[in-house]
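Here's a quick briefing to read with the model open beside you.

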Amino acid sequence: MHETLPLLEISDFPALRREKIDTLQVNIGYRCNQTCVHCHVNAGPTRTEMMSEENLALVSEVLRAREISTLDVTGGAPELHAGFRALVRAARAQGVHVMDRCNLTILFEPGQEDLAEFLAQNRVEVVASLPCYSLDNVDKQRGKGVFDKSIAALQQLNALGYGKPGSGLVLNLVYNPQGPFLPPNQQMLEADYRRELSEHFGIVFNHLFALANMPIKRFGSTLVSKGQFADYMQLLRDSYSAANLDGVMCRSLVSVDWQGNLYDCDFNQQLGVAVPGNMHLRDLLRQDLRNSPIRVADHCYGCTAGQGSSCGGAL
Ligand code: SF4
Ligand code: SF4
């Protein structure tokens with residue numbers, strides 16, 4: 001795989017500094033029931049990297065110490081970690097909003113039969129990747145049979161109230177483009193998803209997040225192989241919108257890897273670019289990072305291009 005960090009490090013992207021941390025985004029391990037070709041952490045059933053009990057306990061302590069309002073749990077399939085449910089319960093007991101980056105098919109894995117009920121009981125927001133509303137595109141990207149299982153999972157979540165008005169159970173979907181172009185208008189795409197999923201499968205959801213592809217890891221490597229890296233970077237630069245700078249997620253989010261190391265965002269985690277000073281979760285018990293510099297590079301143009309892009313979709 002081509003490393004793209006050397007192509008990104010010399011950058012004129014504006015300097016950024018942190019504000020108060022609102023969201024702790026924690027990758028609790030690389031084990032997953034799927035092996036998607038595009039997976040940026042190469043997750044799969046044989047991966048053994050899982051967050052330790054000690055670091056899971058630290059997550060709860062940091063949420064309390066820094067008065068962080070949202071815990072965003074990711075992986076792998078985070079639900080496969082034996083400590084996932086205890087982590088969720090501990091955060092909810094503190095009044096923290098919890099988001100589960102759920103691949104949907106996990107609901108049908110052995111031992112996960114009651115997962116949907118657990119998520120509903122704990123009022124966990126479900127954020128699920130669904131790169132298209134057609135079988136062919138989803139199965140091509142995420143594996144054979146994934147589309148049908150994803151649809152069945154969404155129907156199961158809907159039956160519990162997820163995505164339904166007034167239920168308070170939030171179900172959001174995530175889209176990212178299949179190639180080197182920016183996502184279409186989020187509102188229009190959301191309308192398309194709503195119509196297609198409702199008409200064909202009776203599925204409802206709250207919002208669709210349209211995310212731009214970052215020129216890093218597997219996607220970046222493919223761009224290099226195809227000789228498209230410079231053109232894609234030019235597209236991101238040409239689409240720069242300064243208005244998006246205020247909303248980039250790294251201002252209010254910290255990303256944590258399975259070993260407890262801190263990054264300014266998940267993309268920097270994927271690039272192995274740690275926060276200045278190479279800090280660990282335990283360091284957040286005594287300092288809050290407010291006003292500290294963010295490690296920006298050219299991939300940051302992916303967050304400010306066009307309508308802007310973050311873990312919560314367009315800015
Ligand atoms: S479901 Fe997500 S974590 Fe699992 S292999 Fe696919 S992209 Fe990776
Ligand atoms: S890539 Fe990360 S560090 Fe750069 S602007 Fe986006 S969120 Fe911030």
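Where does Glu67 lie? You'll find Glu67 in the loop between α2 (53–65) and β2. Keep in mind that this is a predicted model, and that every value below is computed from it.

- With a relative accessibility of 65%, Glu67 is over the 50% cut-off, so it counts as exposed.
- Arg123 isn't a glycine either, and its phi is also positive, at about 50°.
- Look for Arg123 in the loop between α4 (115–121) and β4 (125–129).
- Arg123 counts as partly exposed because its relative accessibility is 40%, which falls between the 20% and 50% limits.
- The peptide bond joining Gly75 and Gly76 is cis, with omega about 25°.
- Gly76 sits in the loop between β2 (70–74) and α3 (84–93).

**The cavity**

- How many cavities of 30 Å³ or more are there? The count comes to one.
- The largest cavity holds about 110 Å³ of space.
- Its lining is made up of 15 residues, and the closest to the centre of the largest cavity are Cys250, Cys265, Ile294, Cys300 and Cys303.
- Sorted by class, the lining of the largest cavity has eleven nonpolar residues, two polar and two charged.

**The second largest pocket**

- The second largest pocket has a volume of about 220 Å³.
- It is lined by 18 residues, of which Thr23, Met249, Ser310, Cys311 and Gly312 are the closest to the centre.
- Two strands join in here: β2 and β3 (97–102) each give at least two residues to the lining of the second largest pocket.
- The lining of the second largest pocket splits into seven nonpolar, seven polar and four charged residues.

**Around ligand 1**

- Which residues are the closest to ligand 1? They are Cys32, Gln34, Cys36, Cys39 and Arg142, from a shell of ten residues.
- That shell around ligand 1 is made of four nonpolar, five polar and one charged residues.

- Helix α9 covers residues 229–238, and Phe229, Tyr232, Met233 and Leu236 are buried in it.
- Look down the axis of α9 and the buried residues fall within an arc of 100°, so they line one face of the helix.
- The general rule behind this kind of pattern is that an α-helix has 3.6 residues a turn, so residues three or four places apart point the same way.
- Ala230, Asp231 and Asp238 are exposed on the other side of α9.
- The cover over the buried residues of α9 includes α1 (5–8), α8 (217–225) and α11 (301–304).

- Thr304 belongs to helix α11, and its relative accessibility of 0% is under the 20% cut-off, so Thr304 counts as buried.
- Not counting residues up to four places away in sequence, Thr304 touches Phe13, Ser239, Tyr240, Ser241, Asn244, Leu245 and Val248.
- Thr105 is in the loop between β3 and α4, and it is buried at 3% relative accessible area.
- What does Thr105 contact, leaving aside its neighbours within four places in sequence? The partners of Thr105 are Asn33, Gln34, Val146, Lys149 and Ser150.
- Thr105 and Gln34 are 71 residues apart along the chain, with 8.2 Å between their C-alpha atoms.
- Gln34 also turns up in the shell around ligand 1.
- Ser221 is part of helix α8 and is buried, with 7% relative accessible area.
- Met1 and Ser221 are 220 residues apart along the chain, yet their C-alpha atoms are separated by 5.9 Å.
- Leaving aside neighbours within four places in sequence, Ser221 is in contact with Met1, His2 and Thr4.

Technical notes. Residues numbered from 1 in each chain as written. Chains lettered and ligands numbered in written order. Predicted model: local features only at pLDDT ≥ 70, side-chain atom pairs only at ≥ 80, totals over all residues. Heavy atoms only, no water. Helix = DSSP H or I, 4+ residues; strand = E, 2+ residues; numbered from the N terminus. Buried < 20%, exposed > 50% of the residue type's maximum accessible area, 1.4 Å probe, protein only. 1 Å grid on protein atoms, 1.4 Å probe; cavity = no way out; pocket = protein on both sides within 12 Å on 5 of 7 lines; lining within 4 Å. Points joined across faces, edges and corners; volume = space filled by probe spheres on them. Nonpolar A, V, L, I, M, F, W, Y, C, P; charged D, E, K, R; others polar. Near = heavy atom within 4 Å. Arc of directions from axis to C-beta. Contact = heavy atoms within 4.5 Å.
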